[in-house]
Amino acid sequence: MARLFSVFSLRNLLVLSLALNVSLILRVLYEKESGVISGLSLDNKREALRTDSMPSEAHATQREHLSMPSSSSSSSTVDSNGRDRVINLDHGDPTMYERYWQQTGEKSTILIPGWQSMSYFSDAGSLCWFLEPEFAKEIIRLHKVVGNAVTEDRYIVVGTGSTQLYQAVLYALSPLDALEPLSVVSAAPYYSSYPLITDCLKSGLYKWAGDAQSFNKEGPYIELVTSPNNPDGYVRQSVVNKSGGILVHDLAYYWPQYSPIAAAADHDIMLFTVSKSTGHAGMRIGWALVKDEEVAKKMVKYVELNTIGVSKDSQLRAAKVLQVVTDGCKYPTSKEGSLFDFAAHLMEERWKLLRAAVRQSGLFTLPEFPHGSCRFLNISFAPRPAFAWLKCEAPIDDCEAFLRSNNILTRSGIHFGVGPQYVRISMLDRDENYDVFVERLSTIHLRQSMQVDETAE
């Protein structure tokens with residue numbers, strides 16, 4: 001009897017196990033098929049946009065060369081049209097660079113022992129005593145290879161992103177004994193954070209004075225020249241035609257993936273950041289190239305008072321990243337090429353997709369840029385900015401609100417000193433987010449027409 005019960009139990013277990021396995025296999029097959037079906041609409045749309053907007057030989061994009069998925073690619077789900085998903089393109093978070101850096105592997109990896117970088121000082125005898133020598137060396141190497149800035153006879157000041165360096169510049173240029181705050185201006189549309197950063201402390205040394213194009217106050221002033229400009233992407237020159245002005249050039253986007261490198265920038269004060277050059281926004285590292293020694297000393301003093309220096313760990317990591325970028329330019333060893341090759345191809349593709357979507361929608365317009373010769377890439381091309389400066393045409397008055405109603409988050413033109421018919425849109429998000437954005441933008445007018453018809457019925 002016991003033997004019969006044992007055999008019976010074993011048979012039942014075998015049958016139960018087989019049933020569970022079959023059920024699991026059928027479920028996997030069903031989910032796989034559903035996943036393929038749900039992706040057809042967006043993929044077909046993206047391919048249609050590419051076919052409509054670019055030559056056939058350009059279809060083999062960098063996206064095919066770099067196949068490793070983003071670590072965050074499965075963090076959210078969308079329906080077949082992606083309409084339930086909120087796409088946040090308000091911030092310029094450069095996550096599109098993740099795919100490139102995933103491919104570099106050990107080349108861009110560093111190990112920092114627990115005993116390293118414990119002192120406040122990096123080079124006590126240097127003007128910028130908290131600047132890591134290795135980072136300074138890689139900054140000079142990169143600029144020489146790219147040819148976008150003069151580094152000879154310049155002092156390098158490192159900061160916690162270019163934001164801290166901007167504050168350090170304002171401190172360094174403002175006279176301590178002035179009777180009134182120094183005016184700070186920039187031509188509209190200007191970077192939306194300039195007014196906020198300038199006036200956040202209500203300093204008696206300087207204050208935001210608005211659009212440089214309408215500035216007519218007598219006396220000294222600081223003019224901020226962002227070139228290529230954030231948000232509209234145009235190459236900029238100073239516009240205030242007065243004596244007593246001091247120019248500060250923000251060149252965060254003067255890199256060959258965004259703009260042709262026509263010549264090495266040669267200005268008194270030039271600001272750069274790793275966030276937009278290599279995509280490493282989280283490092284919070286920027287640098288300034290400063291011609292005047294006294295200005296550089298005052299900037300260093302500000303950083304000392306503000307944060308007692310800049311993270312050594314971030315500088316060492318940034319040095320490694322810049323080394324990989326420069327070596328990739330000088331000694332390309334893989335099919336994806338240098339960082340700038342990867343990013344330039346991706347930005348070109350994204351701008352073509354966006355322009356095709358704008359044409360298809362008929363509700364928006366984008367800036368047009370003239371072609372320019374690039375000394376680094378040895379080609380002529382039109383700028384492909386890190387941000388799209390999109391204008392909603394009549395009868396849409398508030399472009400930011402209109403796009404928000406379609407689950408696309410952008411930054412209104414009112415933050416940049418212009419009207420609400422403009423918005424700034426980041427071009428640097430991950431592929432999956434950007435693809436959904438382009439597809440949605442191209443069909444907004446179709447959905448509106450359908451809604452109007454349904455209402456009429």
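Does Trp 351 count as buried or exposed, and at what relative accessibility? At 5% relative accessibility, Trp 351 counts as buried (buried means under 20% relative accessible area and exposed over 50%, with partly exposed in between, using a 1.4 Å probe and protein chains only). The model is predicted, so local features need pLDDT of at least 70 and side-chain atom pairs count only at pLDDT 80 or more, while totals for chains, interfaces and linings use all residues. The structure holds 22 aromatic pairs (rings of Phe, Tyr and Trp, the latter by its six-membered ring, pair if their centres lie within 6.5 Å; planes under 30 degrees apart count as stacked, over 60 as edge-to-face and the rest as tilted). Trp 255 and Phe 272 form an edge-to-face pair, 5.9 Å centre to centre with 70 degrees between the planes, and both residues are buried. The rings of Trp 351 and Phe 369 are also edge-to-face, because their centres are 6.3 Å apart and their planes stand at 85 degrees. Phe 369, at 10% relative accessibility, counts as buried. Ring pairs also link Phe 135, Trp 255, Phe 272, Trp 287, Phe 340 and Phe 376 into a cluster.

Two arginines meet rings as well. Arg 350 lies over the face of Tyr 434, at 4.7 Å from the ring centre, and the charged end of Arg 424 sits over the ring of Phe 387, 3.8 Å from its centre (a charge sits over a ring if NZ of Lys or CZ of Arg is within 6 Å of the ring centre and within 35 degrees of the ring normal).

Notes
Residues are numbered from 1 along each chain as its sequence is written. Side-chain values use heavy atoms; hydrogens and water are left out.
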